[in-house]
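Here are my notes on this model. Please read them with the coordinates open.

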Amino acid sequence: MRSEEEKGKRLAEKYGILMTKEMEVDRMCDLSQIFIDKGMEKGLLLGESKGKEESNVACVRSLSKHLSIRYEEAMDLLEIEETLRPSIRCRLSDQAPADD
């Protein structure tokens with residue numbers, strides 16, 4: 001087993017990390033927090049995207065039903081972006097009888 005001094009020297013040489021206990025604890029905590037923050041940000045963006053898709057699907061379905069129009073026409077009226085339409089079409093075809 002290596003001594004603390006040897007470990008510190010190796011980390012300093014290989015990774016440029018200076019080994020003082022306070023600095024190392026702070027650095028590891030900062031690194032952990034960065035990973036947590038990035039994970040939370042990614043999760044929030046994914047959740048927001050899924051929520052928007054759910055809302056779009058519900059709006060298209062409702063408009064189509066109440067106006068007796070095709071899903072494509074409903075998406076046109078709602079001005080849904082072309083890039084979002086394939087996933088909405090897929091969700092609509094999976095969840096309801098095809099009327100498109």
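1. Cysteines. Cys 59 has a relative accessible area of 35%, so this residue counts as partly exposed. Cys 90 is also partly exposed, at 40% relative accessibility. The model is a predicted one, and it holds 0 disulfides.

2. Helix H1. This helix covers residues 4-15. Its 12 residues should span 16 Å at 1.5 Å a residue, and the end C-alpha atoms are 16 Å apart, so the two values agree. H1 is hardly covered: the count of buried residues is 1.

3. Surface patch. Leu 31, Ile 34 and Phe 35 make up a nonpolar patch on the surface. Phe 35 belongs to helix H2 (residues 21-67). Its relative accessibility is 57%, so Phe 35 counts as exposed.

4. Salt bridges. The count comes to 7. One of them pairs Glu 73 with Arg 70 at 3.9 Å, N to O. Both partners are partly exposed: Glu 73 at 35% relative accessibility, Arg 70 at 40%.

5. The H3 to H4 link. Glu 72 and Arg 85 form a salt bridge, with the closest N and O atoms 3.7 Å apart. Glu 72 sits in helix H3 (residues 71-77) and Arg 85 in helix H4 (residues 85-95), so the pair ties together parts 13 residues apart in sequence. Glu 72 and Arg 85 are buried.

6. Asp 76 is partly exposed at 47% relative accessibility, whereas Arg 85 is buried at 5%. Shared partners join Glu 72, Asp 76, Glu 82, Arg 85 and Arg 89 into one salt-bridge network.

Terms used
Residues numbered from 1 in each chain as written. Predicted model: local features only at pLDDT ≥ 70, side-chain atom pairs only at ≥ 80, totals over all residues. Heavy atoms only, no water. Helix = DSSP H or I, 4+ residues; strand = E, 2+ residues; numbered from the N terminus. Expected span 1.5 Å × (residues − 1). Buried < 20%, exposed > 50% of the residue type's maximum accessible area, 1.4 Å probe, protein only. Disulfide = S-S within 2.5 Å. Patch = residues over 30% accessible without salt bridge, like charges linked within 9 Å, V, L, I, M, F, W, Y side chains within 5 Å. Areas by Shrake-Rupley, 256 points an atom, 1.4 Å probe, with all protein chains shown as cover. Salt bridge = Lys/Arg side-chain N within 4 Å of Asp/Glu carboxyl O.
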